[in-house]
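Student: Could we work through this structure together, one question at a time?
Tutor: Gladly; here are the sequence and the model.

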Amino acid sequence: MSAPLPPFAVTTVGSWPRPRWLLEAAKRRDPDLEALRDRAVEEAVRDQESAGVDLVTDGEQRRDNFYSFLCERVDGMRLMTMADLLDFVEDKAAFEGMLAALDVPAYAMRNPTVTGPLSAKGSLVLGDVRFVRRCSRKPVKATLPGPYLLSRSAWVKGLSDRAYPTREALADDVVRLLRTELLSLAAEGVEFVQFDEPVLSEVVFAGKSATRTFMCAALAAKASPEGEMRLAVDLLNRVVEGVRGPVVGIHVCRGNWSRKDDVLLEGDYAPLMPWFRQMRLGLFALEWATPRAGPVEILRELPEGVILGFGAVNPRTAEIEDPGEVAARVRRVAEILGPGRVQLNPDCGFGTFAERPVNDADTAKRKIECLAKAAEILRRG
Ligand SMILES: [Zn+2]
């Protein structure tokens, strides 16, 4: 059994930069890849622990990106590069233009694409979590792509419609997959489960700036923002309904594929708050280090009693934040939310995309050390 979490528990959003040798082994499909991935997870966990996290993740070392790994674990999904997908996009020139504007190289990022009926080969992440528990005595956070993201980005016209005529038909199967996994994580006693739903910000902000979007959302058509948000709430609630045990939450940011701040989305969480309040979730891991997220006062509108994962350091910058300044900002947030409701995390992962980490492991470590120092200050005071 793991120890209970201290106040202002420090954690990551999920991904940790992968070592070069792991990326090279994956590229050449090394026969020992599984053993190498084990070693990378051990190192990522050790790095997190020595930096001072209270809640560990596997650093997503086994993943190509935060949602692509499902292709290895689910029949009916194929990993396709943006270059592969170009063949299925109606307006190729516009799509290429968008990738360029977004600072997304078409070959470096891969999208899990549905090409047949989905069926899990085994567990999605339970095996990974069990491995982390062999490396660490700390409580664990499992990260999984959210049901809205998956049903939105994995359904591509011309590839997915034979198995699923509509995105909604696919969504039913995605809910079934994720719910099954969540129940097995709960049975295992996993403490936290985070569903990544970054695209929700795109849903509410994209109207304001048509050129800024998420590359993983760029392929699929969508309904009105309200229709999309209603669907997202419904899918998440269906996944978590009646599940007891873990604190289940979501992570929503404004994109993490580039260090160029001006290509990422901008806007505060205000338009999302009414939808957050309809989600039967216990944790919201949100970004606040970037000024693009707006002022913290909006946190008053978070659902009552939930835990906030407060993004207190920027994963995309080289400078290390000042722990005293971070602590002062968190103190203000703790005043708004009440005691015992704040965890500290970076705004997003340090290596959302394996080939394009937004920082190196050393900087990631120092950013987490900053959070740990800030937590110490907060616990003292
Ligand atoms: Zn993120």
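Student: Where is Val174 found, and is Val174 buried or exposed?
Tutor: Val174 is found in helix H8, where helices (H or I, at least four residues) and strands (E, at least two) are DSSP runs numbered from the N terminus. This is a predicted model, in which local features need pLDDT of at least 70 and side-chain atom pairs count only at pLDDT 80 or more, while totals for chains, interfaces and linings use all residues. Residues are numbered from 1 along each chain as its sequence is written, and side-chain values use heavy atoms, with hydrogens and water left out. Since buried means under 20% relative accessible area, exposed over 50% and partly exposed in between (1.4 Å probe, protein chains only), Val174, at 2% relative accessibility, counts as buried.

Student: Which residues does Val174 touch, not counting residues up to four places away in sequence?
Tutor: Contact here means heavy atoms within 4.5 Å. Under that criterion, and leaving out residues up to four places away in sequence, the residues that Val174 touches are Leu118, Pro147, Leu150 and Ser151.

Student: How do the directions of H6 and H8 relate where their axes come within 10 Å?
Tutor: Axes are lines fitted to C-alpha atoms, for helices over the stretch in contact, and angles run from 0 to 180 degrees between N-to-C directions. The axes of H6 (residues 126-135) and H8 (residues 167-188) cross at roughly 25 degrees. Angles under 35 degrees count as roughly parallel, over 145 as roughly antiparallel, 65 to 115 as roughly perpendicular and the rest as oblique, and the crossing angle of roughly 25 degrees therefore makes H6 and H8 roughly parallel.

Student: What is the order of strands in the open sheet, and which strands stand at its edges?
Tutor: Two strands pair if DSSP finds at least two bridges between them, and the six strands of the open sheet, with parallel pairing, have the order E3-E4-E5-E6-E7-E8. Each edge strand has a single partner strand, so one side of each is left without a neighbour in the sheet. The strands at the edges are E3 and E8 (342-346).

Student: Why is E3 largely enclosed by the rest of the structure?
Tutor: Both faces of E3 are covered, with Lys141, Thr143 and Pro145 on one side and Ala142 and Leu144 on the other. Strand E3 (residues 141-145) is largely enclosed because five of its five residues are buried.

Student: In E4, which residue is the bridge partner of Lys141?
Tutor: Five bridges join E3 to E4 (residues 192-196), and the two strands run parallel. Within E4, the bridge partner of Lys141 is Phe192.

Student: Which strands does H12 touch as it packs on the sheet?
Tutor: The direction of H12 (residues 323-337) makes about 160 degrees with that of E7 (307-313). The strands that H12 touches are E7 and E8.

Student: How far apart in space are Gly351 and Arg18, C-alpha to C-alpha?
Tutor: Gly351 has its place in the loop between E8 and H13, and among the residues that Gly351 touches are Trp16, Arg18 and Pro357. Gly351 and Arg18 are 333 residues apart in sequence, whereas their C-alpha separation is 7.3 Å.
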